[in-house]
Amino acid sequence: MNNLNNINIASYLTSMAIERPHALAVAAPCSYDEMGRTAYAHLTYRQLNDESDRIANGFESVGVTKGSRTALLVKSSPVFFAIVFALFKVGAVPVVIDPGIGIKSLGKCLDEAEPEAFVGIPAAQIARIIFRWGGKKLKHIITVGKKWFWGGYTLSDIRKLGCNADGYDMAVPSGGDAAAILFTSGSTGIPKGAVYTHSIFVSQVEYLKKVYHIQPGEMDLSTFPLFALFGPALGMTSIIPDMDPTRPAGANPAKLVSAIEDFGATNMFASPAVVNLLGRYAESENIMLPSLKRVISAGAPARPDSLERLQNALLEGVDIFTPYGATEALPVCNIGSREIIETAGQKTACGKGACIGEPNEGIILKVIKISDDPIEEWSDSLELPDGQIGEFVVKGPVVTREYYNNNHATKLAKIYDGDSFYHRMGDVGYRDSEGKFWFCGRKSHRVKTENGDMFTICVEGVFNAHKDVYRTALVGVPDGKYEKPVLCVELEKDASSSQEKILSDLRDLAKKFKHTENIEKFLIHPSFPVDIRHNAKIFREKLAVWAVGK
């Protein structure tokens with residue numbers, strides 16, 4: 001994985017267009033047939049490459065050129081793929097923000113990114129005008145769809161401007177050139193814009209190939225649009241499912257199964273919410289999914305019982321992988337569902353945390369003393385011995401160096417080590433005696449009691465093992481200079497016991513473990529607030545406010 005600094009990530013698409021011109025690159029729902037089945041629009045690799053060339057030429061002709069920060073608010077579709085690869089070819093910098101984070105946060109992200117171009121659907125353009133997104137640096141407006149009163153160009157205009165050119169001579173990046181600004185999910189605060197270089201994207205593609213043995217010709221059903229963009233680079237067909245990507249937990253599992261069967265999907269990327277949804281559906285309908293060679297699930301730790309339900313619908317030997325990482329660094333570690341179900345999950349139920357496996361080759365993951373303050377320079381004295389819970393820091397070719405236009409966040413997140421650096425993941429955990437790492441929760445979510453810090457995943461794993469509990473969340477409420485631990489509980493919809501009986505069981509469970517024995521308050525909550533991107537990360541800050549009110 002050396003000498004990646006001068007490779008444009010879009011070159012993978014160009015190579016696929018030469019090697020496999022007539023193979024499907026992307027397919028997306030467009031209508032329904034008379035039987036009510038989903039009909040798909042598609043582009044082959046050659047068509048996608050040609051379309052992105054036309055758009056790239058058009059972009060350049062209107063001034064969207066190398067280095068142009070370009071806000072991108074377009075729904076997942078073949079057009080979305082063509083636009084993104086066109087921006088990569090030009091050397092522009094797509095600014096990608098999950099629209100589900102809310103109008104206020106989306107506006108703050110755009111203010112921070114200071115885009116020079118805005119590519120969006122009509123609804124996004126209207127919102128841009130109403131909420132004054134973009135600021136003074138915004139010069140180029142491009143509408144994907146019908147343009148009304150706001151001026152600029154439509155995507156059709158851009159295509160026409162670029163249609164006469166023969167191919168496109170894509171930009172050659174240097175090592176530090178930004179390729180994209182990807183905003184984090186904001187599950188623990190305002191999202192931050194992680195700056196990706198082309199070399200980081202290329203490294204991620206190579207890691208995905210190596211770790212998961214992905215081969216050209218595979219079919220990928222990705223329920224998360226950003227991961228779907230890796231499909232063309234990996235030689236996979238990206239199948240966009242018939243669902244709202246901002247609400248994965250509300251997807252129709254029957255439609256997901258139909259998409260898997262229609263294309264013989266071999267790979268699926270799914271948040272833990274989708275893993276849970278699909279596993280329950282497969283179990284209730286006695287469905288098997290024999291085409292899948294692997295499932296990749298990220299965004300939050302998946303529960304062992306949830307993994308097991310979906311595992312039962314897969315062929316023997318097929319794993320649901322749960323890679324550890326973040327927007328700023330992915331993939332860092334990897335572990336499969338069979339190991340979790342057979343051994344690691346039992347330790348999770350005893351409060352040991354969630355096993356995330358071992359770091360991938362070339363990735364350095366260490367555990368340091370927990371601190372909420374900036375750490376300017378690396379020192380070996382920061383590192384903790386095996387078995388001791390601390391803060392995860394990571395170094396490697398998939399790790400981003402900075403946040404765009406946010407020096408304060410960068411200072412808090414990076415530890416410089418000579419010419420390289422460690423990224424502070426914001427997570428806590430430990431390494432065991434066998435070299436495997438265990439995730440214990442977010443650093444900002446630890447509850448600071450008079451008896452010491454309590455870590456969310458270690459505590460919640462104990463109670464999540466109860467058959468009538470869907471999930472739990474440890475939060476802290478003010479208690480003088482410390483916090484009092486409170487366990488919020490969301491029950492299974494078909495819980496077989498009364499709430500009083502379940503709460504009594506949970507109190508008894510708490511007394512069995514030293515790290516949970518001090519929990520006295522248990523509160524039933526109807527439905528936890530969760531992140532928009534994956535519907536899996538629990539907004540514990542909101543639950544803490546609710547718990548105080550209770």
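The radius of gyration is taken here over C-alpha atoms, and the rule for a globule is 2.2 Å times the number of residues to the power 0.38.

**Figure 1. The whole protein, a predicted model.** The protein has 550 residues, and a compact globule of that length would have a radius of gyration near 24 Å. The value for this protein is 24 Å, which agrees. Its C-alpha atoms fill a box of roughly 75 × 60 × 45 Å along the principal axes. The secondary structure comes to 17 helices and 27 strands. Of the 550 residues, 58% count as buried. Salt bridges number 30.

**Figure 2. The salt bridge between Arg-294 and Glu-218.** The two side chains meet at 2.8 Å, N to O. Arg-294 lies in strand 13, which spans residues 294–296. Glu-218 sits in the loop between helix 7 (198–212) and strand 10 (219–222). The pair therefore ties together parts that are 76 residues apart in sequence. Both Arg-294 and Glu-218 are buried.

**Figure 3. The salt bridge between Glu-492 and Arg-280.** The closest N and O atoms are 2.9 Å apart. Glu-492 belongs to the loop between strand 26 and helix 16 (499–510), while Arg-280 is in helix 11 (residues 272–285), so the pair links parts that are 212 residues apart in sequence. Glu-492 has 11% relative accessibility, so it counts as buried. Arg-280, at 27%, counts as partly exposed.

Figure 4. Lys-501 has a relative accessibility of 42% and counts as partly exposed.

**Figure 5. A salt-bridge network.** Asp-372, Arg-446, Lys-448 and Asp-453 are joined into one network. The links are salt bridges that share partners.

**Figure 6. A patch of positive charge on the surface.** Lys-484, Arg-507, Lys-511 and Lys-521 gather here. Lys-484 is found in strand 26, which covers residues 482–491. Its relative accessible area is 36%, so Lys-484 is partly exposed. Patch residues need over 30% relative accessible area and no salt bridge.

Conventions
Residues are numbered from 1 along each chain as its sequence is written. This is a predicted model: local features need pLDDT of at least 70, side-chain atom pairs count only at pLDDT 80 or more; totals for chains, interfaces and linings use all residues. Side-chain values use heavy atoms; hydrogens and water are left out. Patches are made of residues with over 30% relative accessible area and no salt bridge: like charges are joined within 9 Å, nonpolar side chains (Val, Leu, Ile, Met, Phe, Trp, Tyr) within 5 Å. Accessible areas come from the Shrake-Rupley method with a 1.4 Å probe; for residues, only the protein chains shown count as cover. A salt bridge is a side-chain nitrogen of Lys or Arg within 4 Å of a carboxyl oxygen of Asp or Glu. Lys and Arg count as positive and Asp and Glu as negative; His and the chain ends are not counted. The place of a charge is taken as NZ of Lys, CZ of Arg, CG of Asp or CD of Glu. Helices (H or I, at least four residues) and strands (E, at least two) are DSSP runs, numbered from the N terminus. Buried means under 20% relative accessible area, exposed over 50%, partly exposed in between (1.4 Å probe, protein chains only).
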